[in-house]
Amino acid sequence: MAEITLKSLAHSYSKNPAEPQDYAIREMNHVWHQGGAYALLGPSGCGKSTMLNIISGLLEPSNGEVLFDGKVVNSLPPEERNIAQVFQFPVIYDTMTVYDNLAFPLRNMKTPEARVHERVMEVADVLELTSQLKRKAKNLSADEKQKVSMGRGLVRDDVSAILFDEPLTVIDPQLKWKLRRKLKEIHHRFRITMVYVTHDQLEASTFADMIAVMYEGQVVQFGTPRELFETPNHTFVGYFIGSPGMNFLDVTVRDGKVFSGEAQLLVDNRVHDGIARATSDNVKLGIRPEFIEVHQEPVEDGMEVKVEHAQDLGTYSIVYASLGGISLKARVEEDQITPVDKAWLRFPSEKIGLYVDDYRVELPHE
Amino acid sequence: MNKVYNNRAWWLILPMLLLVAFSAIIPLMTVVNYSVQDVFDAHTRFFTGTEWFVKMLNDPMLQGALLRQFAFSLTILAIEVPLGIGIALLMPKRGWQASVVLILVTMPLLIPWNVVGSIWQLFTRGDIGLMGWSLRELGYGYNITASPVDAWATIILMDVWHWTPLIALLCYSGLRSIPDAYYQAARIDRASKWSVFRYIQLPKLTNVLVIGVLLRFMHSFMIYAEPFVLTGGGPGSSTTFLSQSLTTMAIGQQDLGPSAAFSLIYFLIILLVTWVFYTAIMNMQKDDNKGA
């Protein structure tokens with residue numbers, strides 16, 4: 001059991017990295033607290049797996065330090081870090097039975113056979129593998145194999161952390177739910193630090209208490225699923241979390257009014273002041289489709305838009321609207337009438353986020 | 001679903017049957033034909049039944065050749081398989097070194113059989129051959145034409161040199177197909193080097209090794225050109241293997257009936273050994289406790 005600290009960590013696969021693009025992980029600091037259930041969320045190639053391999057010791061970082069409980073472990077191999085890792089595709093020892101597979105890490109540590117038996121039976125019970133123990137691992141189905149892989153991580157009761165690298169990729173959707181619940185259950189029972197890598201936001205938010213969103217080798221936000229949804233720190237988090245992602249409009253101010261392209265936005269003065277204050281040209285206004293108010297009739301501060309089309313998703317619809325050529329998405333609940341042709345949208349000011357150079361800035365107080 | 005039964009579909013296998021008939025069944029039948037008859041000329045022939053088979057099975061010369069053949073095949077398998085696996089494990093995995101080593105390892109496989117025999121014939125000569133001369137200079141009275149031990153050792157060495165690369169290449173390709181995750185998982189499970197070999201590499205090599213062993217067994221059981229060129233079957237008959245005995249009988253002595261019977265026995269032995277081996281390996285992979 002350990003607290004894992006990443007201190008000014010950076011990693012590059014090339015020998016002489018020069019540009020920031022050469023880095024798979026750009027310099028960052030991060031702490032994974034003991035006993036937490038974390039998700040590492042991001043698109044393919046953002047450095048998630050690299051970070052996982054650095055934590056487990058399969059990879060030595062080119063810069064910075066990895067600390068377990070304050071002790072630098074950079075040069076320690078995985079076996080000395082006492083870490084467990086579950087890979088994307090199930091890794092099992094084909095010729096062994098399920099029992100021997102689960103016992104393997106313990107036997108390699110010269111654990112007394114009585115203790116091995118006790119642990120294997122306990123883990124098999126948790127993973128519902130008891131009835132399969134005598135089978136050859138080779139003949140199991142994909143999800144059973146992945147359970148065996150996980151079991152090998154759980155069987156050592158002294159591991160510092162268990163790292164999961166998209167472990168449910170090969171599993172059928174119905175079983176995914178079951179295994180994910182199982183993982184949560186295991187987390188509650190054993191209180192082991194777990195880091196779960198995924199590119200699926202749903203998977204991340206159902207498993208983890210805290211999610212780290214990675215983008216281009218950096219953790220752009222670390223927060224609860226709710227924080228990621230309501231106050232994304234970075235435009236990427238806005239795009240990536242939520243379905244559909246956040247609306248972002250390039251904004252400027254002219255004559256005391258806020259414009260996006262040629263369209264005037266009817267927003268609060270604080271938003272205006274915030275934009276006016278920014279020194280960069282890259283200023284975006286962000287609002288989630290869920291938070292845009294959609295009206296059939298003109299309302300105060302309502303902006304008239306042309307409704308392009310609407311997508312009915314059963315319990316709600318997504319309206320694709322155009323505001324003077326700028327496309328916007330808004331969510332309309334099932335009990336509301338979905339507008340056709342024309343609608344009036346209102347941006348509630350407490351739901352608006354302002355992004356300068358892609359990072360969220362606080363709006364000035366009145 | 002309505003399945004349509006149309007027995008005319010059987011005609012579709014006719015081309016395949018014809019092909020197999022000409023490539024295998026008809027040639028084999030001519031051999032069967034000779035094996036049960038005593039043929040004097042185009043018009044004079046006698047049906048002999050199993051006589052040739054009985055005679056061949058009781059022939060001490062052929063029994064000797066058969067025993068030598070088994071001894072030879074098993075010896076080279078026992079050397080080439082572990083050695084091939086070992087070489088494959090040591091071969092570099094990537095970069096230009098991998099290409100160079102691959103080419104070097106493949107080289108012996110590209111040399112025709114009788115050329116291999118000639119190369120070794122020269123190589124082992126006491127007067128001008130590098131190996132023969134060196135051994136003599138070192139004080140060992142090496143002579144493959146006089147000593148059966150020397151002749152055997154040389155033939156085995158020659159076969160190992162010629163064919164171990166095949167096993168090594170097969171294993172190399174098998175090893176390359178093991179995903180990195182297996183090695184990473186093994187490190188995390190604290191597996192020793194031996195465990196990695198025993199529980200990851202060897203099981204993943206099973207399939208290529210089955211092919212390798214079968215190929216090498218069949219090949220070595222039919223070995224002809226190399227010992228024929230190197231030792232001519234001697235000294236005495238100490239290195240005369242089955243195919244050479246067969247050739248002597250069929251071509252040299254024109255004993256077509258006995259040779260045909262002998263050929264069939266030869267064929268059946270290879271078939272039987274191959275089948276037993278394959279079945280045994282496949283059974284090993286089955287679950288001994290299905291669904292329990």
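I sort residues into classes first: Ala, Val, Leu, Ile, Met, Phe, Trp, Tyr, Cys and Pro count as nonpolar, Asp, Glu, Lys and Arg as charged, and the others, Gly among them, as polar. By these classes, the lining of the largest pocket holds 11 nonpolar, 3 polar and 8 charged residues.

I note that this is a predicted model, where local features need pLDDT of at least 70, side-chain atom pairs count only at pLDDT 80 or more, and totals for chains, interfaces and linings use all residues. Residues are numbered from 1 along each chain as its sequence is written, chains are lettered from A in the order in which they are written, and side-chain values use heavy atoms, without hydrogens and water.

I looked up the pocket next. A pocket is an open set of points on a 1 Å grid over the protein atoms alone, where a 1.4 Å probe fits, with protein on both sides within 12 Å along at least five of seven lines; lining residues have an atom within 4 Å of a point. The volume, the space filled by probe spheres set on the points, is about 660 Å³ for the largest pocket. Of its 22 lining residues, Lys93(B), Asp180(B), Tyr183(B), Val196(B) and Gln201(B) are the closest to the centre. H8(B) gives the most to this lining, 5 residues.

Helix H8 (residues 180–188) and helix H9 (residues 193–221) of chain B pack at about 165 degrees, with axes 11 Å apart. H8(B) and H9(B) are therefore roughly antiparallel (over 145 degrees). Contact (heavy atoms within 4.5 Å) involves Tyr182(B), Tyr183(B) and Ala186(B) of H8(B) and Val196(B), Ile200(B), Gln201(B) and Lys204(B) of H9(B).

Terms used:
Axes fitted to C-alpha atoms, helices over the stretch in contact; angles between N-to-C directions. Helix = DSSP H or I, 4+ residues; strand = E, 2+ residues; numbered from the N terminus. Parallel < 35°, antiparallel > 145°, perpendicular 65-115°, else oblique.
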